[in-house]
Amino acid sequence: MPTRVPRIASSEITPPEVYLNRRTLLAGALASGASALLRAAQDSPAPGAALRYTRDTRYSVSEPPNKIEEITSYNNFYEFGSDKESPGRNAYTLRTRPWSVTVHGDAEITGTFDLEALLKEQPLEERIYRFRCVEAWSLVVPWVGFQLSNLLARFKPTSKARYVEFTTLYDPQQMPGQRGAVLNWPYVEGLRIDEAMHPLALMVVGLYGRVLPNQDGAPLRLIVPWKYGFKSIKSIVKIGFTSVQPRTAWNVASPQEYGFYANVNPQVDHPRWSQATERRIGAPFLAARRPTLPFNGYAEQVAGLYQGMDLRRYF
């Protein structure tokens, strides 16, 4: 059982709102002031607002969490630019309320659902997870969210549903990176349904106890901690149940570099760099790189999902 990370005294943590992009706050204030959106936004938490949640000590790690400014200023979110700082500068343009999620495919219950209505059914909890990017850098993040399986069960997937497909918002006006041809937009990711139903798979709505910042995937993102970060899709607007393996964004763009499974594996290098070690964001510049943990340290919990599979072949 993972050891619970020591809690940092509140007096030692800089208030998260200091680091939230002030333009995001302004955009949220303007949106909530618009009469057309007022009714839909009445029950919506403001950007940076504190969330009500419990801490689930079963899901924690021994490493201390990264500082919030590290988590919110070093991001891959190509919808807002391809360098690490661009999402923090540009994501203020994203309007996260009102927000809806469309559910389709092989399930008994489908349709379009208001996000606030879905969240009312899901008690929130904090889980401290390792996060490992395919680019060989890592973080430790205190996410706030709810177990993905609880949400999927609500829609009663049928026996035909072998995979779950997730889709990010497509709106080039709000997401300027989508005006370029970096990827075949919208961003799509997917999991086998048994992966999606695993207790570690988390739907996230918050960070450090507050509403998730735009650059980190607001208002709803996925976290699959044993996989490389590109599997953890952001700003989700569609969830589909399907019998066919989804054509996912990075796998379509470069299948030899970004596999569908993308489990963290130090024995399988990226074609352009080694995956044997990783750089922890926030560590001193000259600090030694740390060894990459198989399945990002969650091997005991998830290895059974892949019994009989050659993980070198099924990257």
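User: Where is Pro186 placed?

Analyst: Pro186 lies in the loop between β6 (163-168) and β7 (188-192). Strands here are DSSP runs of E with at least two residues, numbered from the N terminus. The model is a predicted one, in which local features need pLDDT of at least 70, side-chain atom pairs count only at pLDDT 80 or more, and totals for chains, interfaces and linings use all residues. Residues are numbered from 1 along each chain as its sequence is written, and side-chain values use heavy atoms, with hydrogens and water left out.

User: What kind of peptide bond joins Trp185 and Pro186?

Analyst: As a general idea, most peptide bonds are trans, and most residues other than glycine have a negative phi. The bond between Trp185 and Pro186 is cis, with omega about -5 degrees. Ala218 and Pro219 are likewise joined by a cis peptide bond, with omega about -5 degrees. Pro219 belongs to the loop between β9 and β10.

User: Which value does phi take at Ala136, and is this residue buried or exposed?

Analyst: Ala136 is not a glycine, yet its phi is positive, near 75 degrees. Its place is the loop between β4 (125-132) and β5. With 5% relative accessibility, Ala136 counts as buried; buried means under 20% relative accessible area, exposed over 50%, and partly exposed in between (1.4 Å probe, protein chains only).

User: What is the phi of Ser235, and where does Ser235 lie?

Analyst: Ser235, also not a glycine, has a positive phi of about 45 degrees. This serine sits in the loop between β10 and β11 (236-242). Its relative accessible area is 0%, so Ser235 is buried.

User: How many residues of strand β8 are buried, and how many bridges join β5 to β8?

Analyst: In β8 (residues 202-207), six of six residues are buried, and the strand is mostly covered. Two strands pair if DSSP finds at least two bridges between them. β5 (residues 137-147) runs antiparallel to β8, and five bridges join the two. Met203 in β8 stands opposite Phe146.

User: How do β10 and β9 pair with β8?

Analyst: β10 (residues 221-223) pairs with β8 in the antiparallel sense over three bridges, and Leu222 in β10 is the bridge partner of Met203. β9 (residues 210-211) is also antiparallel to β8, over two bridges, with Val211 opposite Gly206. The hairpin of β8 and β9 has two residues between its strands, and Tyr208 there takes a positive phi near 50 degrees.

Technical notes: Helix = DSSP H or I, 4+ residues; strand = E, 2+ residues; numbered from the N terminus.
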